[in-house]
Amino acid sequence: MSFANLPLLGVLAGVAGIAALLFLLQLLRIRHVEVAVPTTLFWREAAREAPVRVLRGVFRHPLAYLLVLAICTLLWLAFAGPEAHDDRTSAYRVLFLDGSAHTAGGDDFEQAVDKLKADLAGLPDGGREVIWGGARNIKLLKAGEDRLLLDRRLASLAPEAAPSALNEQLRLLSLPGVAPESLEFVVYGRAPAELAVVERLPTGTRLSRAIDYPDGESNHGIAALGVNPAASGRWDRLDLLIRVAGTPDAAAGNEMTVEVAGAALDDDRLERLGDGVAVVRDLAADGRDVEVRLEVGDELALDNAARLTLPTRRVVRVALADDLDPAIRHAIEADPGLAITDEDASVVIRAQGTVAFGDVPALEFAPAADQATAFEIDYTGSESAELALRASVAALGLDQIDAAGLAAEAQRPVGVQLRQADLPGISVWEELLAHYNFSGSRSFPLFISRSVRWLAGEPAWHPYLAAGRPLPTATVWSLAAEADPSLDALGADYVLGAAGTVSSDRGDEAVALLSDTVTERRPGTPLLASQAGGDFAGTGIVTWLILAALLLLGAEWYLYQRGLMP
């Protein structure tokens with residue numbers, strides 16, 4: 001047993017002081033003195049000279065003394081703030097409130113909050129903390145903070161349209177030195193825990209769930225929504241894929257409405273492939289928003305609708321200013337997104353020193369004697385050189401080139417140099433085309449295609465954006481680096497938050513929930529029953545002490561009324 005407000009020595013000293021003070025008060029006695037006065041004019045003066053109580057006499061009425069002492073001692077202990085530390089309550093507790101889409105159905109979230117508050121009242125302030133587990137894990141209540149702060153912080157929170165980040169929090173506890181020796185991690189909500197994550201928790205960690213939710217609840221929703229280049233081969237068109245999933249006992253639930261920029265598509269545009277999968281073919285790649293809604297809803301409404309922003313795909317006009325290697329023309333003609341033109345070009349391909357189309361971004365071929373490295377890239381913007389280099393190498397397809405083979409043929413290193421400029425540009429050794437068969441490699445058409453699009457400033461497009469999932473690796477630079485360049489510098493995946501919108505170099509793009517785990521109500525690995533709060537859950541030791549003092553006060557009043565004590 002310990003005390004939050006006073007040290008143990010102070011508590012004992014207080015009890016001793018109370019006992020001594022009450023003992024002295026018990027020794028006070030009423031003294032009756034008869035005084036004869038000639039007239040009532042002297043009555044008041046006589047009363048002052050004869051005090052009613054004196055501090056002497058024998059100790060009597062021990063029952064009254066013990067009752068008053070017990071009442072005052074209980075109130076003193078309540079003021080000291082006792083905290084229980086037996087074997088069952090000595091573990092540090094992390095209370096994880098599930099604020100994800102898993103608890104958005106029915107009154108699941110309200111149940112979790114009520115149970116959390118009840119258990120919190122029975123735990124010592126210094127031995128627990130509360131974590132909000134929505135799209136991001138946030139500490140709602142730190143150890144030592146008053147539990148009344150939780151109500152204010154929960155007032156603006158509600159379940160988010162995102163998968164739970166519970167497993168990320170558990171992975172953090174698995175790191176050496178993070179979790180205390182004895183820890184109980186309690187989940188308030190339906191967030192599922194992965195078996196592989198649970199098995200890696202330290203031996204002193206007990207993972208439990210506060211509420212035993214019933215199994216078998218029915219649900220269906222949109223689990224996939226994405227686009228691909230159109231199977232018809234048209235560059236400016238896309239195919240939209242939709243997949244509906246659900247619990248085994250859910251209704252078919254694949255009757256849906258598809259809207260593009262707020263206008264509903266005709267039902268005959270929706271091609272159903274079975275097993276909840278449908279395709280809309282040849283949508284215009286014009287940057288509009290697509291929204292898919294299920295016509296039959298259920299309690300979990302967050303997965304009954306999903307949005308996606310279509311990419312904008314335009315044909316890039318390319319000018320060929322010189323008599324270049326025929327492989328360059330063949331590579332451009334083979335790409336339906338590129339068109340050769342003699343005017344209004346967005347990009348020019350030329351030999352170094354040519355002045356044609358001098359005001360547009362250029363892909364140039366220069367003698368190896370005029371530049372130190374095989375590929376020299378001029379980039380614009382304020383990004384650091386390291387980030388820009390890594391992004392440029394991936395965007396231009398240089399990571400697909402057999403640099404070692406080219407270096408062996410050229411008998412000199414084949415490298416990349418980056419420099420900042422007012423106009424983007426790329427300069428390549430012309431010997432790579434004339435003597436080292438770079439133009440005959442499988443990576444050459446990819447290099448030409450990507451280089452032209454990079455020079456034209458065509459933004460990367462995303463086949464899907466789903467909450468709780470990292471961006472597709474080919475599109476990390478265009479979105480993640482803008483959101484937080486440090487993530488890209490660390491080589492980390494940029495994981496999107498809740499469904500809604502996210503800013504990128506293309507503007508605001510729609511993010512959908514798209515979670516099989518949420519939609520199919522997967523329970524994850526079974527967890528133990530929670531013991532947070534102990535036998536005093538919902539009341540607390542202080543409350544019991546005050547109730548006991550009131551009970552003894554009532555007993556004293558009863559004994560006084562019966563004449564059993566003065």
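Buried means under 20% relative accessible area, exposed means over 50%, and partly exposed lies in between (1.4 Å probe, protein chains only). This is a predicted model, so local features need pLDDT of at least 70 and side-chain atom pairs count only at pLDDT 80 or more, while totals for chains, interfaces and linings use all residues. Residues are numbered from 1 along each chain as its sequence is written, and side-chain values use heavy atoms, with hydrogens and water left out.

Now to the charged pairs. A salt bridge here is a side-chain nitrogen of Lys or Arg within 4 Å of a carboxyl oxygen of Asp or Glu. That rule gives 27 salt bridges.

Start in helix H4, which spans residues 108–120. Helices are DSSP runs of H or I, at least four residues long, numbered from the N terminus. Lys 115 and Asp 119 both sit in this helix, 4 residues apart, about one turn. They form a salt bridge, and their closest N and O atoms are 3.4 Å apart. Lys 115 is partly exposed because its relative accessibility is 31%. Asp 119 has 1% relative accessibility, so Asp 119 counts as buried.

Move on to Glu 145. Its side chain meets that of Arg 153 in a salt bridge, at 2.9 Å from N to O. Glu 145 counts as buried, at 18% relative accessibility. Arg 153 has a relative accessible area of 30%, so Arg 153 is partly exposed.

Next comes Arg 453. The side chains of Arg 453 and Glu 458 form a salt bridge, 3.3 Å from N to O. Arg 453 is buried because its relative accessibility is 11%. Elsewhere, Arg 93, Glu 184 and Arg 206 belong to one network, joined by salt bridges that share partners.

How values were computed: Helices (H or I, at least four residues) and strands (E, at least two) are DSSP runs, numbered from the N terminus.
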